[in-house]
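Work through the following exercises with the sequence and the model open side by side.

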Amino acid sequence: MDLFLNIFGQPAIIIALVAFIGLVLQRAKLSKIITGTLLSFIGFVLIKTGGKILGGVLVMFSNMFTHAFGMHGVVPSNEAITALTMESLGASAAFILFFAMIINLLLARFTRFKSIYLSLHLILFMAFSYTAVLKGMGYDGVIIVASGAIIIGFYMAIFPTLLSRFSQKNYWP
């Protein structure tokens, strides 16, 4: 069981598994399944690496800004924060992403909310933010994953449907 948790507790592997399942459900060719799964894994690792670099640069920029203007603050960047917290929050956030996608698909299939949310990088940032807030409040992994998946899964299905009328061609004068 520890081996299973160690392997599937890695965010990049969970993201690759999400891509793999999606491609299999789409009945993609074997070459597309392999390519899509590997690219998802590699892309997630690159986000982590790039975010760490960006985080280091932003810390230096913040220090320069403080020295130059005598003002203290932070330079917000969700990519950098996500990358810097990936080790401690990554598994919970990736599981939220995985289960939220399943909830989104089920709602799209069985309710009037037919939208499939495809901007998963935004959902990933939401999952990391949600995980960070609830961990900071002292909640454990199961509560975080279950509540996060439900809230974000419903968001993924409901809001695009509700907001789609505002993007209609004839809505704006």
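**Exercise 1: An aromatic pair across the sequence**

Tyr 155 is partly exposed, with a relative accessible area of 25%, where buried means under 20% relative accessible area, exposed over 50% and partly exposed in between, for a 1.4 Å probe and protein chains only. The model is a predicted one, in which local features need pLDDT of at least 70 and side-chain atom pairs count only at pLDDT 80 or more, while totals for chains, interfaces and linings use all residues. Residues are numbered from 1 along each chain as its sequence is written, and side-chain values use heavy atoms, with hydrogens and water left out.

Task: describe the aromatic pair that Tyr 117 and Tyr 155 form, and state which parts it ties together.

Solution. Begin with the geometry: the rings of Tyr 117 and Tyr 155 are 5.7 Å apart centre to centre, with 50° between the planes, and the pair is tilted. (Rings of Phe, Tyr and Trp, the last by its six-membered ring, pair if their centres lie within 6.5 Å; planes under 30 degrees apart count as stacked, over 60 as edge-to-face and the rest as tilted.) Next, locate the partners: Tyr 117 lies in the loop between α5 (86–110) and α6, and Tyr 155 in helix α7, so the pair ties together parts that are 38 residues apart in sequence. Finally, Tyr 117 is buried, at a relative accessible area of 13%.

**Exercise 2: The packing of α6 and α7**

Task: determine how the axes of α6 and α7 cross, and which residue classes make up their contact.

Solution. Helices here are DSSP runs (H or I, at least four residues), numbered from the N terminus. The axes of α6 (residues 120–136) and α7 (residues 141–163) come within 10 Å and cross at roughly 145°, each axis being a line fitted to C-alpha atoms over the stretch in contact, with angles running from 0 to 180 degrees between N-to-C directions. Turning to the contact (heavy atoms within 4.5 Å), residues of α6 including Ile 123, Met 126 and Tyr 130 meet residues of α7, among them Ile 151, Ile 152 and Tyr 155. By class, this contact has 11 nonpolar, 3 polar and 1 charged residues, where Ala, Val, Leu, Ile, Met, Phe, Trp, Tyr, Cys and Pro count as nonpolar, Asp, Glu, Lys and Arg as charged, and the others, Gly among them, as polar.

**Exercise 3: Neighbouring phenylalanines**

Task: classify the pair of Phe 98 and Phe 99.

Solution. The structure holds 6 aromatic pairs. Phe 98 and Phe 99 form an edge-to-face pair, at 5.1 Å centre to centre and 75° between the planes. Phe 98 counts as buried at 16% relative accessibility, whereas Phe 99, at 35%, counts as partly exposed.

Technical notes. Helices (H or I, at least four residues) and strands (E, at least two) are DSSP runs, numbered from the N terminus.
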